[in-house]
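Keep the model open beside the text as you read.

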Amino acid sequence: SYKEIALSLGLDGKDILFVSDIEEELVAAASAGMKCLLAIRPGNGNLKNLTNPKNGEPFEQIKNLKDI
């Protein structure tokens with residue numbers, strides 16, 4: 001789980017930035033307390049309205065790593 005990943009790194013989830021274009025990964029990482037960014041790229045379909053389960057708000061979006 002993403003909580004176990006944070007523990008193995010010796011970090012609290014809130015201290016980890018997680019970037020993905022996969023809905024299930026974003027939801028799991030957000031549920032573990034990680035800050036999550038939705039990577040928008042060609043071919044990743046209709047993900048633009050994904051919401052963070054922790055706060056009900058849309059995930060912040062980036063188009064490339066320069067947006068961080």
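First, some ground rules. This is a predicted model, so to speak of local features a pLDDT of at least 70 is needed, and side-chain atom pairs count only at pLDDT 80 or more, while totals for chains, interfaces and linings use all residues. Residues are numbered from 1 along each chain as its sequence is written, and side-chain values use heavy atoms, with hydrogens and water left out.

How confident is the predictor? The pLDDT (its confidence in each residue, from 0 to 100) averages 90 over the protein chain, and 99% of the residues score at least 70. Confidence is lowest in strand β3 (residues 60-62), with a mean of 92, and highest in β1, with 96.

Now for the fold. The protein chain has 2 helices and 3 strands; these are DSSP runs numbered from the N terminus, with helices being H or I of at least four residues and strands E of at least two. Along the sequence they follow the pattern α-β-α-β-β. The radius of gyration is 12 Å, close to the 11 Å that the globule rule gives for 68 residues, so the chain is as compact as a globular protein of that length. (This radius is taken over C-alpha atoms, and the globule rule is 2.2 Å times the number of residues to the power 0.38.) Along its principal axes, the C-alpha trace spans about 35 × 25 × 15 Å.

Of the 68 residues, 34% count as buried. Here buried means under 20% relative accessible area, exposed means over 50%, and partly exposed lies in between, using a 1.4 Å probe and protein chains only. Contact means heavy atoms within 4.5 Å. Among contacts between residues at least 6 apart in sequence, 27% join residues at least 24 apart.

In soluble globular proteins, nonpolar side chains tend to be buried together. A nonpolar core is a set of buried Ala, Val, Leu, Ile, Met, Phe, Trp, Tyr and Cys residues joined through side-chain atoms within 4.5 Å. The largest such core has 15 residues, of which F18, L26, M34, C36, L38 and F59 touch the most other members. The elements that give two or more residues to this core are α1, α2 and β2, and α2 supplies the largest share, 3 residues.

In α2 (residues 23-31), L26, A29 and A30 are buried. Seen down the helix axis, the buried residues fall within an arc of 100°, so they line one face of α2; the arc is that of the directions from the helix axis to the C-beta atoms. These buried residues pack against α1 (2-9), β1 (17-20) and β2. Just after the helix, G33 takes a positive phi of about 90°.

The C-alpha atoms of E25 and Y2, 23 residues apart along the chain, are separated by 8.9 Å.

The rings of Y2 and F18 have centres 5.2 Å apart and planes at 80°, so the pair is edge-to-face. (Rings of Phe, Tyr and Trp, the last by its six-membered ring, pair if their centres lie within 6.5 Å; planes under 30 degrees apart count as stacked, over 60 as edge-to-face and the rest as tilted.) Y2 lies in helix α1 and F18 in strand β1, so the pair ties together parts that are 16 residues apart in sequence.

F18 is buried, at a relative accessible area of 17%, and its C-alpha lies 6.5 Å from that of M34. Setting aside neighbours within four places in sequence, S20 is in contact with E25, L26, L37, L38 and A39.

Finally, look at L37 in strand β2 (residues 35-39). L37 is buried, with a relative accessible area of 3%. Its contacts, leaving aside neighbours within four places in sequence, include F18, S20, L26, E60 and I62.

Technical notes: pLDDT = per-residue confidence, 0-100.
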